Amino acid sequence: MSAPSVPLVHPRDALFESDERAPTLPVCDHYAGVEVRMRKALALQAELGPVFDVTLDGEDGAPVGGEVEHAHLMAELVDSTANHHDRVGVRVQTVDHPAFEAMVDTVVARAGARLAYLMVPKPRHLQDIEQAIAAIDAASRRHGLGRSIPVHTLIETHGALREVEAIAALPRIESLSFGLMDFVSAHRGAIPHSAMTAAGQFSHPLVVRAKLAIAAACHGRGKTPSHCVVTEFKHLNALQDAATRACREFGYTRMWSIHPDQIRPIVEAFSPTTAEIDLAIQIIEAAQQAQWGPIRHRHQGQDQLHDRASYRYFWHVIERAHRTSLHGQAQLPVEVSARYFGT
């Protein structure tokens with residue numbers, strides 16, 4: 001009589017405690033602030049799928065004096081049929097802006113149930129973020145919202161960078177983004193303009209230091225580090241190079257887009273290669289059959305030992321392949337996607 005088969009445990013349950021699971025956000029965060037561009041971004045997201053988030057911009061996108069009216073428009077879009085995947089966030093004004101609380105209240109009142117996140121720009125220190133979170137949560141209670149809205153913030157001031165570990169440790173924070181342009185400008189000309197370019201931002205020591213500090217703080221606290229913009233939006237090769245370096249060398253798992261043409265190159269750069277995906281599937285399937293005990297796997301003519309430490313890495317590769325699959329261009333085999341993600 002054959003021994004009864006043992007149920008296979010899902011990798012997420014076998015390899016991670018519940019508090020170890022970092023948010024699995026889309027790898028691209030696309031910003032749009034003008035109404036026609038916001039609507040186009042939502043239409044493109046509906047076409048390509050939730051491989052990128054759309055952030056409706058109420059900071060740079062709002063007319064001066066018309067911030068609250070712009071908040072009404074953004075809330076309407078988040079709560080509309082144009083939001084197919086519920087992966088739309090809103091950037092509000094800074095916490096010290098006169099319209100901040102009114103913008104937060106407007107967006108939460110109309111669209112809080114469907115809002116993917118609120119982005120808070122330019123905190124000067126930890127206290128600014130704590131104040132912003134308190135205002136967001138107060139608005140949620142005031143409008144009877146039965147959820148805590150995820151909060152994202154930009155690290156782009158000296159004070160925020162000094163306190164980046166404490167900011168990343170806040171339970172309500174989901175993602176930290178690096179604000180390259182404001183960070184360079186805050187150095188009063190001591191950092192040259194070249195450090196704002198696609199290539200130069202990876203070579204200036206002060207900028208590199210900031211990027212690494214943000215990425216390390218996020219990974220240490222289970223949050224998502226989001227890389228800054230590339231302003232040469234028509235130079236797609238430069239964008240591809242920058243996105244690849246951000247992902248492969250600097251540990252970022254997400255990146256901003258400021259033009260629709262940037263979305264696909266960012267998604268592609270943050271996608272694992274076919275060889276990486278194939279190897280990850282082989283190892284995770286063998287580990288699952290071994291009930292997550294150590295295995296020996298032959299790769300490129302060499303026997304390699306793998307255990308739960310490397311299993312975690314390879315599971316993240318599979319998750320990233322799933323998150324970067326465009327509509328009609330799935331990276332995972334159908335049976336693998338169905339087995340692990342139900343799709």
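Predicted model: local features only at pLDDT ≥ 70, side-chain atom pairs only at ≥ 80, totals over all residues.
1. Let me start with the ring pairs. Searching the whole structure turns up 7 aromatic pairs. A pair of aromatic rings is described by how far apart the centres are and by the angle of the planes, and I quote both for two of the pairs below.

2. Tyr31 and Trp256 are worth a look on your screen. Their ring centres lie 3.9 Å apart with the planes at 15 degrees, so this pair is stacked; the cut-off for that label is planes under 30 degrees apart. The two residues come from distant parts of the chain: Tyr31 belongs to strand β1 (residues 28-32) and Trp256 to strand β8 (residues 254-257), 225 residues apart.

3. Are these two partners buried or exposed? Tyr31 has 7% relative accessibility and therefore counts as buried. Trp256 is buried too, with a relative accessible area of 7%. The limit behind both calls is under 20%.

4. Trp292 and Tyr311 give another geometry. Here the centres are 5.9 Å apart and the planes stand at 65 degrees, so the pair is edge-to-face, a label that needs planes over 60 degrees apart. Trp292 sits in the loop between α12 (274-289) and β9 (295-299), while Tyr311 is in helix α13 (residues 308-323), so the pair ties together parts that are 19 residues apart in sequence.

5. One of its members, Tyr340, has Arg339 lying over its face, at 5.4 Å from the ring centre. Elsewhere, Lys211 lies over the face of Phe202, at 4.6 Å from the ring centre. If you are setting up a view of charges over rings, those are two to include.

6. Finally, a polar residue. Asp53 lies in strand β2 (residues 52-57) and is buried, with a relative accessible area of 0%. Which side chain does the side chain of Asp53 meet in a polar contact? The partner is Arg254, at 2.9 Å.

7. Leaving aside residues up to four places away in sequence, Asp53 touches Pro26, Cys28, Asp29, His30, Gln45, Arg87, Tyr117 and Arg254.

Methods:
Residues numbered from 1 in each chain as written. Heavy atoms only, no water. Phe/Tyr/Trp six-rings, centres within 6.5 Å; stacked < 30°, edge-to-face > 60°. Helix = DSSP H or I, 4+ residues; strand = E, 2+ residues; numbered from the N terminus. Buried < 20%, exposed > 50% of the residue type's maximum accessible area, 1.4 Å probe, protein only. Lys NZ or Arg CZ within 6 Å of the ring centre and 35° of its normal. Polar contact = N/O pair within 3.5 Å; in protein donor to acceptor, adjacent residues only side chain to side chain. Contact = heavy atoms within 4.5 Å.
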